[in-house]
Amino acid sequence: NIQARTLRAEVEKGPMIDQNPLVTWPEEPDNNTLFLVFTVKLRHVKIMGLALIISFGKRASPIILTWRNLTVKTKNKVLLSGSSGQVTSGFWSIMGPSGGGKTILLNALACRLDRNLRVEGELVLNGRPYGKREVKAVSGFVSESHLLDGMLTVWETMLYTAKLRTPVELQSLNTEERISDVLETMGLVHAKDTLVGTPLKKGISGGEKKRLCIAMELLTHPKILFLDSPTAGLDSVAALSVCNRLKLLTSQNKCVVVATIMQPQLKIFRVFDHLMLLSRGYTLYQGDPGKAITYFQEEGYRCPKHENPADHIIDVISDKEAPEKTFSKLWVTVINDSDLVLGIER
């Protein structure tokens, strides 16, 4: 599988310039791909960044993020206790009751925790320990609250974001085309000339603002996208629209999505590829959303007929009146095997 990509071509006038090849390796190459990057200058034409990508065998996953025995605590309280797991591809949902550790886990993986918190455990990105600098280079983060200039249009917001976050040497490389592609992916083309809006001036809807925040992060081509409560404050239709757009990103292999969601409706629950359940700082389940109901049923928590499975799961894991011995049955340890497939060990 051989692909050749030309990143930039410019017409120049001048004498013949000798070929000047430059071979570089990416910081995080996968095991099955060889990258060769050349800078070639010829008469009247300068081709910058001719990338030859040669893949051998099966195409590797674009990102592999692993955490082992991850614990986050303050001086007096444990917020996350011994969590382990792995993110490879698809749409990952982190669910649980309020105070269960969802946002703590998300911020820990994105290296966005408060400095006063104590973090223990191992964080590995593509086989190497990582920190804030490494994860920031390959990821995007969408917080629950958004900060947008209400007097700018959607297009102007995207353009300013591209100017601020794109390196100077790459700003001439079809910036407007990239913005158009992202707006089309997030379903915002119809609103590109509409003001974002303020409390005093009507603009785009709440769901469109959330999708705009996601689009702003997609401009940098992140390999993994972290989202904190992307459906918070939205009605069921707008929330489903946001999740469907996120699902589209993963189905097209554009990036991996990891999102915290409080209590989704059934249609949203069926969109998820992978499910992680947290309560009281413990990881209770990690795996296929469709098998979660069977798992809890085997533990003695049968889902009533005609009830939303997500609601039933949240009710079970957030029952604070349940005896500690009964609740401890649900505590599981997530392990990783040599094939990078998640296993559940009770």
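Is Ser 229 buried or exposed? Ser 229 is buried, with a relative accessible area of 15% (buried means under 20%, exposed over 50% and partly exposed in between, with a 1.4 Å probe and protein chains only). This is a predicted model, in which local features need pLDDT of at least 70 and side-chain atom pairs count only at pLDDT 80 or more, while totals for chains, interfaces and linings use all residues. Residues are numbered from 1 along each chain as its sequence is written, and side-chain values use heavy atoms, with hydrogens and water left out.

**Confidence**

- The average pLDDT of the protein is 78, and 72% of the residues score at least 70 (pLDDT is the predictor's confidence in each residue, from 0 to 100).
- Residues 323-329 have a pLDDT below 50, and this stretch makes ten contacts in the model beyond near neighbours in sequence (a contact means heavy atoms within 4.5 Å).
- The pLDDT is also below 50 over residues 331-346, a stretch with 39 contacts in the model beyond near neighbours in sequence.

- Ser 229 is not a glycine, yet its phi is positive, at about 50 degrees.
- Ser 229 belongs to the loop between strand S10 (224-228) and helix H6 (236-251) (helices are DSSP runs of H or I with at least four residues, strands are runs of E with at least two, and both are numbered from the N terminus).
- His 306, likewise a residue other than glycine, has a positive phi near 65 degrees.
- The loop that holds His 306 runs between helix H8 (289-298) and helix H9 (309-317).
- His 306 counts as exposed, at 78% relative accessibility.

**Sheet**

- An open sheet is formed by four strands in the order S5-S4-S7-S8, with antiparallel pairing (two strands pair if DSSP finds at least two bridges between them).
- S5 and strand S8 (128-129) are the edge strands, each pairing on one side only.
- Strand S4 (residues 65-73) and strand S5 (residues 78-87) run antiparallel and are joined by six bridges.
- Four residues lie between S4 and S5, which form a hairpin.
- Leu 65 has Val 87 in S5 as its bridge partner.
- Strand S7 (residues 118-125) runs antiparallel to S8, with two bridges joining them.
- The partner of Val 124 in S8 is Pro 129.

**Aromatic rings and charges**

- There are four aromatic pairs in the structure (rings of Phe, Tyr and Trp, the last by its six-membered ring, pair if their centres lie within 6.5 Å; planes under 30 degrees apart count as stacked, over 60 as edge-to-face and the rest as tilted).
- Tyr 285 and Tyr 295 form a tilted pair, because their ring centres are 5.4 Å apart and their planes are at 40 degrees.
- This pair links distant parts of the chain, with Tyr 285 in strand S13 (residues 282-287) and Tyr 295 in helix H8, ten residues apart.
- Tyr 295 and Phe 296 make an edge-to-face pair, because their ring centres are 5.2 Å apart and their planes are at 75 degrees.
- Tyr 285 and Tyr 295 are both buried; the relative accessible area is 6% for Tyr 295 and 1% for Phe 296.
- Phe 91, Phe 269 and Phe 272 are linked into a cluster by ring pairs.
- Arg 112 places its charged end over the ring of Phe 141, 4.0 Å from the ring centre (a charge sits over a ring if NZ of Lys or CZ of Arg is within 6 Å of the ring centre and within 35 degrees of the ring normal).
- Lys 192 has its charged end over the ring of Trp 155, 5.7 Å from the centre.

**Nonpolar cores**

- The largest nonpolar core has 54 residues, of which Met 158, Ile 214, Leu 225, Leu 246 and Leu 277 touch the most other members (a nonpolar core is a set of buried Ala, Val, Leu, Ile, Met, Phe, Trp, Tyr and Cys residues joined through side-chain atoms within 4.5 Å).
- H6 supplies the largest share of this core, seven residues.
- Beyond neighbours within four places in sequence, Leu 246 contacts Phe 91, Ile 214, Leu 225, Leu 227, Pro 230 and Val 257.
- A second, separate core of 30 residues has Leu 70, Leu 105, Cys 111 and Leu 113 among its members.

**Asn 107**

- Asn 107 is in helix H1 (residues 102-109) and counts as buried, at 14% relative accessibility.
- Apart from neighbours within four places in sequence, Asn 107 contacts Arg 112, Leu 113 and Phe 141.
- Asn 107 and Asp 228 are 121 residues apart along the chain, and their C-alpha atoms are separated by 8.7 Å.
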